[in-house]
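User: I am new to this structure and would like to learn how to read its features. Could we begin with a pocket and then move on to the strands?

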Amino acid sequence: MALTLYVDTARWRAHQQMVIQQFPGIVPVCKGNGYGFGHERLAEEAARIGSDILAVGTTYEAARMKDFFSGDLLVLTPFRRGEEPVPLPDRVIRSVSSVDGVYGLVNARVVIEVMSSMKRHGITEQDLPKLHAAIENVRLEGFAIHLPLDRTDGLDAVEEVIGWMDRLRAARLPLHTMFVSHLKAEELARLQQQFPQTRFRARIGTRLWLGDHDSTEYRGSVLDVTRVAKGDRFGYRQQKAASDGYLVVVAGGTSHGVGLEAPKALHGMMPRAKGVARAGLATVNRNLSPFVWAGKQRWFAEPPHMQVSILFVPTEVPAPQVGDELVAHLRHTTTQFDRLLDR
């Protein structure tokens, strides 16, 4: 009995091909938990589509991925002096976001990140004159810019990239390759047309692996079903059942990421109102689970356990049977499955 990720492989790969065609020279990204699929599986997919490079999050991920992927590995987290040294092959490319970082990577292959409107990290325009001497002792693979997802101020993404291209060109820095993130296909095409001597490579993870939501589905196996009457005590905290119903034990707990949710940015009054309502229900131990039965998400009977969750199903709904599987609406990037099945 397990929490299973089912993948409609033909549909999933058809979506990959669509994205690859839209973004020539794409750099697939595999970081964190491998977008829910795991590092090994995404390394296999990147090799299958013929990618010469795979982007990973950290040097620790690169150390693991080197055994699964034979091409170049681009580490997205910038190098910092004093970081723990991790033995890596020469095919690993380091991102760097400061002049000091470039000086600290003598003879290494590097991609230099520029500061975008994200304001997360990157070299500034004032740093450009210092780069000429710094890049003499590294193998420069190109520059990179990481753009925000939302652009509420109306600033055009292409114009932001063009601004940096002009600055780099004015500083007489090599512009053979620019790695970009969070651009639309038509925006990338505009840039490539305007700067034909530069190769633009889009680093893409979410859109590539998770862009077709209907190609994947999580399901948790039902392990036990116990009838309870109103007032019966149950669970770790021995709280009372609020009404007659069933306690349904389903595979999928905190070790899988069930009950764990990344914070969301809320825009508009309706999402904010729903957030307030959820918070209010949580104060009286009412939390909606991600598991669906009889067409509705069911309430947690109590907080999820390490490997299972206990749900409450009211008597007016037919109870599931042991061995049934409940669809679970889970976020791929925070979920660890027990098994992955292609279908």
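Analyst: The second largest pocket is lined by 32 residues, and those nearest its centre are Lys-31, His-146, Leu-149, Ser-181 and His-182. This is a predicted model, in which local features need pLDDT of at least 70 and side-chain atom pairs count only at pLDDT 80 or more, while totals for chains, interfaces and linings use all residues. Residues are numbered from 1 along each chain as its sequence is written, and side-chain values use heavy atoms, leaving out hydrogens and water.

User: What counts as a pocket, and which residues line one?

Analyst: On a 1 Å grid over the protein atoms alone, a pocket is an open set of points where a 1.4 Å probe fits, with protein on both sides within 12 Å along at least five of seven lines, and lining residues have an atom within 4 Å of a point. Here the lining divides into 14 nonpolar, 10 polar (Gly counts among these) and 8 charged residues (Asp, Glu, Lys and Arg).

User: Which element gives the most to this lining?

Analyst: Strands are DSSP runs of E with at least two residues, and helices are runs of H or I with at least four, numbered from the N terminus. Strand β9 gives the most, with 3 residues, and β8 (177-181) and α8 (206-210) each supply at least two.

User: In what order do the strands of the sheet lie?

Analyst: Two strands pair if DSSP finds at least two bridges between them. In this model 8 strands form an open, parallel sheet in the order β2-β9-β8-β7-β6-β5-β4-β3. Its edge strands, β2 (27-28) and β3 (53-56), each pair on one side only.
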